Amino acid sequence: MNGPAEMLANDAASAALGIRALELGDGTAKLAMTVTDRMVNGHGIGHGGYVFLLADTAFACACNRHGSVTVAAQAEIDFLAPVHEGDELVAEAVERARFGRSGIYDITVRRGDQVVAEFRGRSRTLRPNGADPAPGG
């Protein structure tokens, strides 16, 4: 892999949801997605899983750079406001800390000026030879 642009171009899940890159930088990313009728849950609001997926994709773009393969070690999200069909969401990821093969990233999801979710991801860069132990090992 050569970096976040190539990773995103090969991401079938994100492409199927119409997620698109607005900005990709060193330890940063800004992505957008429009909430469609297929993303609305039984309460008539956007399903939180789609908001999480947008934030997680921005996280992946921010932490995958320089050709390294970096994955999520942990992630959490706080939903602050509901989203609705037709809403244009923008997820902005920022690297907060990088140490060894680990990193911490904050992602804010907005609808216009309103923050609708805050996501924090912890990353782990895999060893080039694939010699990482199994999770928990």
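**Overall fold**

The model is predicted, and the protein in it has three helices and six strands. Followed along the sequence, these elements come in the pattern α-α-β-β-α-β-β-β-β. The radius of gyration is 15 Å, close to the 14 Å that the globule rule gives for 137 residues, so the protein is as compact as a globular protein of that length. Along the principal axes, the C-alpha trace spans about 45 × 25 × 25 Å. Of the 137 residues, 36% are buried, while the protein exposes about 7300 Å², of which carbon and sulfur atoms supply 52%. When contacts between residues at least 6 apart in sequence are considered, 62% of them join residues at least 24 apart.

**Strands that pair through β4**

Strand β4, which covers residues 88–99, is joined to strand β2, residues 28–34, by seven bridges, and the two run antiparallel. β4 also pairs in the antiparallel sense with strand β5, residues 102–111, over 10 bridges. The table lists these two pairings with one bridge from each.

| β2 and β4 | seven bridges | K30 with E92 |

**A buried valine and a partly exposed one**

V35 is found in the loop between β2 and α3, the helix of residues 48–63. Is V35 buried or exposed? With a relative accessible area of 3%, V35 falls under the 20% cut-off and is therefore buried. Leaving aside neighbours within four places in sequence, V35 is in contact with G46, V83, H84, E85, G86, D87 and L89.

V71, by contrast, is found in strand β3, residues 70–79, and its relative accessibility of 35% lies between the 20% and 50% cut-offs, so V71 counts as partly exposed. Together with V69 and L126, V71 makes a nonpolar surface patch of about 200 Å².

How values were computed: Residues numbered from 1 in each chain as written. Predicted model: local features only at pLDDT ≥ 70, side-chain atom pairs only at ≥ 80, totals over all residues. Heavy atoms only, no water. Pairing = 2+ DSSP bridges. Helix = DSSP H or I, 4+ residues; strand = E, 2+ residues; numbered from the N terminus. Patch = residues over 30% accessible without salt bridge, like charges linked within 9 Å, V, L, I, M, F, W, Y side chains within 5 Å. Areas by Shrake-Rupley, 256 points an atom, 1.4 Å probe, with all protein chains shown as cover. Salt bridge = Lys/Arg side-chain N within 4 Å of Asp/Glu carboxyl O. Buried < 20%, exposed > 50% of the residue type's maximum accessible area, 1.4 Å probe, protein only. Rg over C-alpha atoms; globule rule 2.2 N^0.38 Å. Contact = heavy atoms within 4.5 Å.
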